[in-house]
Amino acid sequence: MRATRLLRWMAPTLLGVLFLAGWEWAVRAKEVPPFILPGPVLIAETLARDWSSLSVSLLITLQITFAALAVAASLGLLLAVLFAQSRVVEMSLFPYAVILQVTPIVAIAPLIIIWVDDVRAALLICAWIVAFFPILSNTTVGLNSTDRNLEDLFRLYGASRWQVLWRLKLPSAMPYFLAGLRISGGLALIGAIVAEFVAGTGGRASGLAYRILEAGYQLQIPRMFAALVLVSGTGIAIFLALSLLSHLLLRRWHESAQAGEPR
Amino acid sequence: MAKRYATGTLAVEGVDLDIARGDFLALLGPSGCGKSTLLRMIAGLIPASEGRLDFPADAAARRSIGFVFQEPTLMPWASALRNVALPLELAGTPRREAEARAAEMLARVELGGFEHAYPRALSGGMKMRVSIARALVTKPRLLLMDEPFAALDEITRFRLNADLLDLWRAERFTVIFVTHSVFESVFLAERIVVMAPRPGRILRELAVPAADRAVPEFRTSAIYAAHCREVSHALAEAMGGA
Ligand SMILES: Nc1ncnc2c1ncn2[C@@H]1O[C@H](COP(=O)(O)OP(=O)(O)O)[C@@H](O)[C@H]1O
Ligand SMILES: [Mg+2]
């Protein structure tokens with residue numbers, strides 16, 4: 001048990017170190033110019049040197065991501081509850097949620113940026129559109145998969161709709177909601193970055209995507225990579241944080257959170 | 001009473017059953033003979049297609065029902081105590097009082113000390129005890145049980161059988177107990193109603209008088225064996241359709 005847990009951390013870490021070392025070695029041995037491919041050491045140096053400007057951009061991207069995630073989570077949950085209460089509402093709205101989901105965000109982002117004056121609001125809407133669907137669909141499945149016998153039991157004791165929702169359906173749907181949230185966390189970041197790529201040339205926004213674009217135009221490739229590292233790191237951190245949240249909330253009762261580290 | 005499902009299956013037909021207050025009645029029959037359907041009609045969970053249910057002696061019994069399913073059917077996110085307190089809280093009992101009564105009931109089913117355990121941490125037999133405590137916490141007039149111990153090992157089942165009898169002797173609620181085990185029905189019930197399938201109907205009713213049950217070591221006694229033989233014959237008839 002201990003050995004496999006150790007391996008789970010050691011194996012990817014070792015692979016990563018090997019990869020980075022190989023990369024650094026190749027760049028030095030072949031004398032690849034930094035504007036084609038900078039080595040990891042140079043990227044790290046750039047990240048440290050430009051931290052003051054990059055961290056400001058990181059903060060902006062994070063704000064948009066989390067705002068979008070919060071709106072997606074609350075609206076997704078609310079809509080799913082509404083669906084569970086009324087089949088008519090579900091049947092009339094669900095197709096549009098699907099349409100929203102399957103339309104590529106790059107295709108509608110320019111429109112949204114034109115329609116919405118405030119760039120940040122536009123970015124938030126784009127990130128929300130991408131993040132919203134997994135929460136809605138997962139929670140809907142969760143609300144509909146309550147134990148039929150428990151439902152009968154609630155009926156036998158004359159439970160009100162509200163009691164059934166609050167004491168039975170919402171707790172049953174919790175693991176599904178959290179699984180959706182975990183997916184949506186990463187998607188909100190992607191949505192925010194993509195939207196900013198579309199909007200960024202306007203020069204008004206200054207999140208991480210804008211830094212990547214800017215560095216690209218100026219051929220500051222190490223800086224571009226540094227921003228990219230920040231984006232990936234943020235994505236990983238969001239995923240881990242949401243996994244931890246899910247683990248803490250479910251560990252006492254749900255199979256997915258059986259003793260052990262969060263998955 | 002009769003029940004025809006929307007699929008067209010005639011699950012129960014021509015059932016006419018008189019149950020007195022305080023009876024312990026077993027519904028015995030091969031699977032698919034409509035035992036669950038009949039029990040769910042009695043509970044009011046599904047409407048009868050024909051006939052009706054009267055509670056002439058005890059009108060309050062209609063709304064004073066406890067139900068135990070084949071699976072423990074507990075809320076996995078709630079502790080044993082919260083699970084047992086559920087029926088009281090749904091009826092508007094203040095949380096503190098509901099929990100006090102739930103704790104009392106847990107002690108009655110010999111689960112004192114497990115109030116804060118989650119279902120995942122309990123064995124199959126313990127989960128069933130929680131389920132029984134939940135059914136009894138409202139002090140129901142009528143306890144309906146649908147093959148409650150079928151999924152348990154024999155040792156656990158014997159203990160739960162004996163404990164259920166003790167509870168019944170103390171409280172004298174009415175019990176309708178669905179089972180497909182001859183031995184279980186003879187051990188528990190005073191009245192054994194044997195059902196036959198396709199369509200589900202009552203074939204015969206047998207009695208196990210309280211006096212017979214009073215013999216020491218009832219489960220290993222000759223009189224127990226004699227009753228089992230009699231019930232087995234009735235069941236064979238139900239299955240063979242002879
Ligand atoms: N919800 C349902 N819809 C349609 N048919 C059902 C339903 N429930 C049970 N049946 C049918 O009714 C018959 C009796 O089922 P059931 O009451 O569950 O039997 P038992 O509990 O004795 O095993 C079976 O043939 C079964 O297939
Ligand atoms: Mg059944």
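This is a predicted model: local features need pLDDT of at least 70, side-chain atom pairs count only at pLDDT 80 or more; totals for chains, interfaces and linings use all residues.
Two packed helices are described by the angle between their axes and the distance between the axes. For helix H3 (51-85) of chain A and helix H4 (residues 87-102) of chain A, the axes come within 5 Å and cross at roughly 125 degrees, and H3(A) and H4(A) are therefore oblique to each other. On the side of H3(A), the contact is formed by Leu79(A), Leu82(A), Phe83(A) and Gln85(A), and on the side of H4(A) by Arg87(A), Val89(A), Glu90(A), Leu93(A) and Phe94(A). Classified by residue type, the contact of H3(A) with H4(A) comprises 6 nonpolar, 1 polar and 2 charged residues.

H4(A) also packs against helix H6 (residues 119-144) of chain A, with an angle of about 140 degrees between the two and with their axes 9 Å apart. Because angles over 145 degrees would be needed for a roughly antiparallel assignment, this angle makes H4(A) oblique to H6(A). The crossing in which H4(A) passes H6(A) is left-handed. From H4(A), the residues Glu90(A), Phe94(A), Ala97(A), Val98(A), Leu100(A) and Gln101(A) meet Trp128(A), Ile129(A), Val130(A), Phe132(A), Phe133(A), Leu136(A) and Thr140(A) of H6(A). The contact of H4(A) with H6(A) contains 10 nonpolar, 2 polar and 1 charged residues. Glu90(A) and Phe94(A) take part both in the contact with H3(A) and in that with H6(A).

Helix H2 (residues 40-49) of chain A has as its buried residues Pro40(A), Ile43(A), Thr46(A) and Leu47(A). These residues lie on the same side of H2(A), because the arc that they cover around the axis is only 120 degrees. An α-helix has 3.6 residues a turn, so residues three or four places apart point the same way. The other side of H2(A) carries Ala48(A) and Arg49(A), which are exposed. The partners against which the buried residues of H2(A) pack are helix H1 (2-29), H3(A) and helix H10 (221-250) of chain A.

A further residue considered here is Phe197(A), which is located in helix H8 (residues 161-200) of chain A. With a relative accessibility of 35%, Phe197(A) counts as partly exposed, since that category lies between the limits of 20% for buried and 50% for exposed residues. Leaving aside residues up to four places away in sequence, Phe197(A) touches Ala209(A), Ile212(A) and Leu213(A). The C-alpha atom of Phe197(A) is separated by 9.5 Å from that of Gly207(A), with the two residues 10 residues apart along the chain.

Technical notes. Residues are numbered from 1 along each chain as its sequence is written. Chains are lettered from A and ligands numbered from 1 in the order in which they are written. Side-chain values use heavy atoms; hydrogens and water are left out. Axes are lines fitted to C-alpha atoms, for helices over the stretch in contact, and angles run from 0 to 180 degrees between N-to-C directions. Helices (H or I, at least four residues) and strands (E, at least two) are DSSP runs, numbered from the N terminus. Angles under 35 degrees count as roughly parallel, over 145 as roughly antiparallel, 65 to 115 as roughly perpendicular and the rest as oblique. A crossing is left-handed if the near helix is turned anticlockwise from the far one by less than a right angle, and right-handed if clockwise. Contact means heavy atoms within 4.5 Å. Ala, Val, Leu, Ile, Met, Phe, Trp, Tyr, Cys and Pro count as nonpolar, Asp, Glu, Lys and Arg as charged, and the others, Gly among them, as polar. Buried means under 20% relative accessible area, exposed over 50%, partly exposed in between (1.4 Å probe, protein chains only). The arc is that of the directions from the helix axis to the C-beta atoms.
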